[in-house]
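The following explanation leads through a structure, beginning with the place where its chains meet and ending with individual side chains. Please keep the sequence and the coordinates in view while reading.

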There are 2 protein chains.
Amino acid sequence: MKITFITGNAGKLREVRQILGAANIEVDSQELDIPEVQGSTREVAIAKCKRAAELLGGPCITEDTALCFQAFNGLPGPYIKYFLKELGHDGLNKMLIGFATTAAWALYGRIVPARGNGQFGWDPVFEAEDTGKTYAEMASEEKNKISHRGRALEKLERYLKGLNSS
Amino acid sequence: MKITFITGNAGKLREVRQILGAANIEVDSQELDIPEVQGSTREVAIAKCKRAAELLGGPCITEDTALCFQAFNGLPGPYIKYFLKELGHDGLNKMLIGFATTAAWALYGRIVPARGNGQFGWDPVFEAEDTGKTYAEMASEEKNKISHRGRALEKLERYLKGLNSS
């Protein structure tokens, strides 16, 4: 089976290939310029994937990760990419100085001063619950097993297998 | 002259009528559900107005205010509405505790603990430069003279007059 992942992000493509490759799903990538709408994480994701499927004329997967701060009732959420770009890891921490909790979820964890390899997004400032490690401090297998991306792709894999058997 | 302002916000409509009414421009309003894209303030505004004009089949004005924190390099910007909704006036202040500056611009000013009538958006926490007052502490004529909305509509008025004379 082959599926097109709409992304221009090499880090995301690498992870998706690692995860779906194990299930014999081949992953192509294509970069499409799709404006993302504002809204809840779910609304943003649904609108993006629908538009991508129209443009591509076929099945594809898109991704819109969100990093939600508990102190902000879930924000920055889908806007985390802008905050990361403008404020950096240190700024994401500073935003929370006035609040009682640094809890955050992609999956659940907390915002910490950057630790580990700083090359991929907000991985260095997100410490996943019960691991004591930031995403950036984990080996890729370890991260993929517990990460938001890993879990989403696991669900996708189950869905695709269901299609084939029905 | 008559123009349609795409808004469901009574406070915004009241201000736009006050400002453009003085120039004999009649303002109708209509509520349209237009998804706002993510992006810079300018990109968000252009996409929104184009889409509104398509749906309406004629000239209209839309508005997307942004409140930009200097410490955040311009963010939350167009996402300020979500931050205001989830965090309130107090939360907007707390977000800046870790930073050296509370400077912000819609036009230029700074984020302060809420003062004045708290009914209209972020007016109570935005103190306009050189006024010593928050928007919420000003009479409407005073606010309209200096506000982001007043200035934008002044430009629109000049533009419309230019159209008529050409």
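In this predicted model, 10 residue pairs are in polar contact across the interface of chain A and chain B, with both partners at pLDDT 80 or more. The rule for salt bridges, by contrast, finds 0 across the interface of these two chains. On the side of chain A that touches chain B, helix 3 (residues 80-94) of chain A supplies the largest share, namely 7 residues. Sorted by class, this side of chain A holds 15 nonpolar, 5 polar and 4 charged residues.

Between chain A and chain B, the buried area is about 2,100 Å². Carbon and sulfur atoms give 67% of that area. Counted by residues, 24 of chain A are in contact with 24 of chain B.

The next matter is the geometry that relates the chains. Two copies of a chain are related by a rotation about an axis and a shift along it.

Lys143(A) lies in helix 4 (residues 140-146) of chain A. Is Lys143(A) buried or exposed? Its relative accessible area is 3%, so Lys143(A) is buried, the cut-off for that class being under 20%. Leaving aside residues up to four places away in sequence, Lys143(A) touches Glu15(A), Phe120(A), Asp123(A), Tyr135(A), Met138(A) and Arg149(A).

Glu157(A) belongs to helix 5 (residues 148-165) of chain A. Why does Glu157(A) count as buried? Glu157(A) is placed in that class because its relative accessibility is 18%, and the class takes in values under 20%. With residues up to four places away in sequence again left out, the residues that Glu157(A) touches are Ile19(A), Leu20(A), Ala23(A) and Ile25(A).

Definitions and conventions:
Residues numbered from 1 in each chain as written. Chains lettered and ligands numbered in written order. Predicted model: local features only at pLDDT ≥ 70, side-chain atom pairs only at ≥ 80, totals over all residues. Heavy atoms only, no water. Contact = heavy atoms within 4.5 Å. Buried area = accessible area lost by both parts, 1.4 Å probe. Salt bridge = Lys/Arg side-chain N within 4 Å of Asp/Glu carboxyl O. Polar contact = N/O pair within 3.5 Å; in protein donor to acceptor, adjacent residues only side chain to side chain. Helix = DSSP H or I, 4+ residues; strand = E, 2+ residues; numbered from the N terminus. Nonpolar A, V, L, I, M, F, W, Y, C, P; charged D, E, K, R; others polar. Buried < 20%, exposed > 50% of the residue type's maximum accessible area, 1.4 Å probe, protein only.
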